[in-house]
Amino acid sequence: MTGNGRVLVVEDEPDTQSLIALVLEGLGLDVTATDSGVEALELAATLDPDLVTLDLNLPDLDGTEVCRRLRAERRAQVLMITARDGDIDDLVDERVGAHDYLSKPVSVKELRARATALQARLVVPSDAPARAGDAPLDLGSGLVVRAAEQQVVLGEQTVPLTPIEVEVLATLARRKGEPCSRQELAASVWAGEFVESDYLVDVAVGGIRTKLRRAGSRARWIDAVDGTSYVLRPAV
Ligand code: CA
């Protein structure tokens with residue numbers, strides 16, 4: 001039986017594996033767990049999971065290598081889980097290809113938020129007709145948001161934003177210069193399910209700014225307004 005989707009939990013710490021499995025089962029997902037990277041690739045081949053949570057430090061195979069192979073061979077969304085904060089930018093770049101990441105120790109709230117956001121992307125068939133809101137958003141200065149493809153490009157290069165960061169940026173862009181409150185942004189990404197998601201919105205905005213700057217943009221793009229909202233500022 002499949003509930004809301006199949007998830008493969010790859011984690012060699014028993015307590016963390018149990019926690020992740022419990023949280024994801026609570027979201028109605030069918031959970032299979034393993035402590036091995038090699039076994040994870042074998043299981044992925046037979047299970048065809050919708051979502052994989054992947055520990056970076058595994059005893060047999062590096063999590064980045066598991067992620068590369070999954071992304072090359074599978075359609076699964078990959079949520080990388082890491083204790084090594086310094087690696088986060090590398091994890092979501094094109095070489096490794098994780099869709100999103102979570103730092104250890106794993107917060108139940110953040111895990112639910114990220115899994116729900118990734119899960120929401122799974123229920124849209126890939127051949128679904130584009131919605132009006134899915135048209136590419138040209139923000140000027142070479143920055144284009146293609147929400148339907150979960151892609152943001154600056155000039156010729158793809159900016160390695162997470163799915164949540166893409167959704168936050170797209171939501172701000174659709175407001176056409178009007179401020180958008182944290183609650184509205186959270187509702188657009190997490191369907192209003194997470195009442196204490198202000199912090200996650202702030203993290204996403206910080207990630208967007210940092211990655212656009214690293215991609216060579218000199219514009220600030222997103223301003224805070226009154227301590228409650230964000231607004232997309234046209235490039236100058
Ligand atoms: Ca580990």
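The legends below describe close-up views of a predicted model.

Residues are numbered from 1 along each chain as its sequence is written, and side-chain values use heavy atoms, with hydrogens and water left out. As the model is predicted, local features need pLDDT of at least 70 and side-chain atom pairs count only at pLDDT 80 or more, while totals for chains, interfaces and linings use all residues.

**View 1**
The calcium ion has as protein donors Asp 12 (OD), Asp 55 (OD) and Asn 57 (O), at 2.1 to 2.3 Å. Donors are N, O and S atoms within 2.8 Å of the metal (3.2 Å for Na, K and Ca); water is not among the atoms, so sites may look incomplete. The sequence spacing of the donor residues is D-x42-D-x1-N. Helices (H or I, at least four residues) and strands (E, at least two) are DSSP runs, numbered from the N terminus. Asp 12 is partly exposed at 29% relative accessible area, and Asn 57 is partly exposed at 33%. Buried means under 20% relative accessible area, exposed over 50%, and partly exposed in between (1.4 Å probe, protein chains only).

**View 1. A patch of negative charge on the surface.**
Asp 35, Glu 39, Glu 42 and Asp 60 gather in a patch of negative charge on the surface. Patches are made of residues with over 30% relative accessible area and no salt bridge; like charges are joined within 9 Å, and nonpolar side chains (Val, Leu, Ile, Met, Phe, Trp, Tyr) within 5 Å. Lys and Arg count as positive and Asp and Glu as negative, whereas His and the chain ends are not counted. The place of a charge is taken as NZ of Lys, CZ of Arg, CG of Asp or CD of Glu. Accessible areas come from the Shrake-Rupley method with a 1.4 Å probe, and for residues only the protein chains shown count as cover. Asp 60, in the loop between β3 and α3, is partly exposed with a relative accessible area of 38%.

The structure holds 15 salt bridges; a salt bridge is a side-chain nitrogen of Lys or Arg within 4 Å of a carboxyl oxygen of Asp or Glu. In one of them, Glu 11 pairs with Lys 104, and the closest N and O atoms are 3.2 Å apart. This pair links distant parts of the chain, 93 residues apart: Glu 11 is in the loop between β1 and α1, and Lys 104 is in the loop between β5 (100–103) and α5 (108–122). Glu 11 is buried, at 1% relative accessibility. A salt bridge also joins Asp 100 and Arg 114, with 3.8 Å between the closest N and O atoms. Asp 100 is in strand β5 and Arg 114 in helix α5, so this pair ties together parts that are 14 residues apart in sequence. Asp 100 is buried at 3% relative accessibility, and Arg 114 is buried with a relative accessible area of 8%. Arg 175 forms a salt bridge with Glu 184, where the closest N and O atoms are 3.1 Å apart. Arg 175 is partly exposed at 29% relative accessible area, as is Glu 184 at 36% relative accessibility. Salt bridges that share partners join Glu 11, Glu 13, Asp 55 and Lys 104 into one network.

The peptide bond from Lys 104 to Pro 105 is cis, with omega near 0°. Pro 105 lies in the loop between β5 and α5.

Gln 150 is not a glycine, yet has a positive phi of about 55°. Gln 150 is in the loop between β7 (143–146) and β8 (151–154) and is partly exposed, with a relative accessible area of 25%. Trp 221, also not a glycine, has a positive phi of about 70°. Trp 221 is in the loop between α8 (198–214) and β11 (222–225) and is buried, at 2% relative accessibility.

Ala 76 is in the loop between α3 and β4 (77–82) and is buried at 1% relative accessible area. The C-alpha atoms of Ala 76 and Leu 118 are separated by 9.8 Å, and these residues are 42 residues apart along the chain. Gly 227, in the loop between β11 and β12 (229–232), is exposed at 52% relative accessibility. The C-alpha atoms of Gly 227 and Ser 181 are separated by 9.2 Å, with the two residues 46 residues apart along the chain.
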